[in-house]
Amino acid sequence: MASILIIDNEYPIRKDIYTFLTRDGYDIRTTLNGAEGIQLAISNDFEFVMIEQELSDHDGLKVLKSIKKVKPETVCFIIASNPCYEVAVEAANLGACSYVPKPLSYEGLSFHLAKGTKHRQLFIEARDLRRERYNNLVELSREKSMFRTVLNSINGGVLVINSDGALVYFNNASLVNLNLENLEPGEQILKRLPPQIAKQATEYILAEKYTSKISEIELEIIPKNKLYVQSVCSHIPRNSLGFSGVVLVIRNITKKRELEQVKSQFVSMVAHELKSPLVAVEGFLQILQNSEIKLSDEKKEDFLKRSYERVKSLFQLVNDLLDISRMDKKEKYRELEEINFLEVVQSTVNLFELEYKKKNILVKIEDEPNLPIIKAERLEISRVISNLFSNAIKYNKHDGEIIISLFSKDNYLNFTISDSGIGIKEVDKPKVFQEFFRALNKQTRNVSGTGLGLTIVKRIVESYHGKIHFESEYGIGTKFIVKFPIFRN
Amino acid sequence: MNIKKILLVDDDFDLIEQNKLILESKGFEVITAESAEKGFRLFEKELPDACVVDLIMEHHDSGFILCYKIKKTEHGKKIPVIILTSATYETGFKFSASTNEEKSWIKSDGILNKPIVVEELISKFESFYNREQ
């Protein structure tokens, strides 16, 4: 039901008009006071307000102004006992829907109210449209800023170039990945790009029609492996066959490339290490077959024995390599069990009994009561111990000793193994854990090994978040210290 | 060609012994060293008529460096130095001189694959001395 507020000093409408309007469904309130009228109009939602031009306490136009300021959608009429052209114009300017001269008739009022209803509808529609437009703009700017934030947060560089070769958009990473100081939207970008990327983009820009194919190139931005990027170029489609430009995605692949190089170097090293024993065996066999070279029976036997040793070392190498390759995958699905370290140490020492007794080496195991438990795969722990223990035997002197000690300290189970062997020279120390490194000197010439044993030990220990280091003095002996995190339930 | 004494440098003791036997069976006198450092000392002391140097010893390029050092000496310029390797292209290492800069730096008179084929080695020596005359 539409409601009307009438603000007038005198009772403004005749009783019969009031009755007719009520019958037509209008809810009518009246006040004689301008100040109260403003208050009522502001705090209620009247569809219509009629204001006497000359109120006793207020100027009707001021009342109109006050109401319109707060309730712009309210339809206001100025009713005038003394109509005046100038006031009518001013009222219209202040937002009055009509200027109605007194006396009021039912027909006159109906006409003005109908006009006001229309006026109000139009006003509300306009307001809603404005709001919608405003919300759309907010949404749009939100989307735009999200788009920018996302593009600026990704690690890949993004460059958008239109079909005239002008830069449309770029993100921060594109500057970093192309090692550029700055770029300006709208600038001719192709001459600023590395020639290979410029060529790649130009082919797309000059294309006759849209293609969904992408082109990928890899190139060096800063020499010496400082910055290496991959540039991926594709069309931005427009309608059915056309394209509006190209987008370049520039990824930093320096790390990936480094890894590839390390991997390929490892493969080369492996190939070399595999080839060496084969060459030696082949050489022995050739000499044994060579009728020009006269050999004593002992020498012949010695060569066969040495060939056999080289073949054995080849097997060991293959096993070590398999272990290393297995280790990476294994970390993900190995079966951990609670391990009593001392038990594994003792069984490993027993395995090597024949070998250390042959060199008359004294083996001592020192432990403390209530050693903590660690959680690991038994085979790997036994591999760590046996690799270190067999080194301690191999590089030890006759009648030497090996001391193994087990104790807990600072949340780690410490396992140390010291030998009275040949020790490690200062120059060789940094290379001890390096793949295929074997110290070469008189004392090691008859010791066989793959150069992978300590690499494997280190990888196992570190895969359990443990630590390993060593102390060694050349000619005196070496001590390896391994720490495994203690398992607590 | 007048080669009597050959210096053989290799860190693999099995290969040293094999190559020594083979070369001796062809009538050469063979002196050996198991590291680049010892090899150079022996070279300076014995002044051999030819050198055969293993490439990968302590370092990947030990053989190249030894060859470079030998070739820098007065005597080294007059004799062939052959580099021996079991790691060739297929292993991924770059063991041959591909640029002029590398060629001028390395100065070896040939690279041969292991194991030694004596005939190949001798022909390398011969072509060196033929060039020198």
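**Entry 1: a hairpin in chain A**

I began with Ile161(A) and found that its bridge partner in β7(A) is Leu167(A). The model is predicted: local features need pLDDT of at least 70, side-chain atom pairs count only at pLDDT 80 or more, and totals for chains, interfaces and linings use all residues. Residues are numbered from 1 along each chain as its sequence is written, while chains are lettered from A and ligands numbered from 1 in the order in which they are written. I take helices (H or I, at least four residues) and strands (E, at least two) as DSSP runs numbered from the N terminus. Two strands pair if DSSP finds at least two bridges between them.

I then read the pairing of strand β6 (residues 157-162) of chain A with strand β7 (residues 167-170) of chain A: it is antiparallel, over 3 bridges. The two strands form a hairpin with 4 residues between them. In the turn, Gly165(A) has a positive phi of about 85°.

**Entry 2: the parallel sheet of chain A**

I looked up the strand order of an open sheet of 5 strands in chain A and noted β2-β1-β3-β4-β5, with parallel pairing. Its edge strands are β2 (27-31) and β5 of chain A, each of which pairs on one side only. Neighbouring strands are turned by 20° against each other on average, direction ignored; the axes are lines fitted to C-alpha atoms, for helices over the stretch in contact, and angles run from 0 to 180 degrees between N-to-C directions. Strand β1 (residues 3-7) of chain A is joined to β2(A) by 5 bridges, and the two run parallel. Ile7(A) has Thr31(A) as its bridge partner in β2(A).

The peptide bond from Lys102(A) to Pro103(A) is cis, with omega near -5°.

I recorded 7 bridges between β15(A) and strand β17 (residues 477-485) of chain A, which run antiparallel. Here Tyr412(A) stands opposite Pro485(A) in β17(A). β16(A) and β17(A) also pair in the antiparallel sense, over 7 bridges, and Glu471(A) has Lys479(A) as its bridge partner in β17(A). The hairpin of β16(A) and β17(A) has 3 residues between the strands, and Gly475(A) in that hairpin takes a positive phi near 90°.

I next noted two residues other than glycine with positive phi. Asn411(A), with phi near 70°, lies in the loop between β14 (401-409) and β15 (412-419) of chain A. Asn411(A) is exposed, with 10 other C-beta atoms within 10 Å. His465(A), with phi of about 60°, lies in the loop between α13 (453-463) and β16 (467-473) of chain A. His465(A) is exposed, also with 10 other C-beta atoms within 10 Å. A residue is buried if 20 or more other C-beta atoms lie within 10 Å of its own, exposed if 12 or fewer, and partly exposed in between, with C-beta atoms placed from the backbone.

**Entry 3: chain B**

I counted 5 helices and 5 strands in chain B, in the pattern β-α-β-α-β-α-β-α-β-α along the sequence. Buried residues make up 41% of its 133 residues.

Helix α1 (residues 13-25) of chain B has 13 residues and reaches 18 Å from its first C-alpha to its last, close to the 18 Å expected at 1.5 Å a residue; the expected span is 1.5 Å times one less than the number of residues. Among the buried residues of α1(B) are Leu15(B), Asn19(B), Ile22(B) and Leu23(B). Just after α1(B), Gly27(B) takes a positive phi of about 95°.

For confidence I used pLDDT, the predictor's confidence in each residue, from 0 to 100. The mean for chain B is 82, and 81% of its residues reach 70 or more. Among its elements, helix α4 (residues 100-106) of chain B has the lowest mean pLDDT (61) and strand β2 (residues 29-33) of chain B the highest (95). Over residues 89-93 of chain B the pLDDT is below 50. Where pLDDT is low, the predicted coordinates should not be read in detail.

**Entry 4: the interface**

I found 20 residues of chain A in contact with 18 residues of chain B; contact requires C-beta atoms, placed from the backbone, within 7 Å. On the side of chain A that touches chain B, α8 (254-289) and α9 (297-333) of chain A each supply at least two residues. α8(A) gives the most, with 14 residues. I noted ipTM 0.83 and pTM 0.57 for the model.

How values were computed. Two residues are in contact if their C-beta atoms, placed from the backbone, lie within 7 Å.
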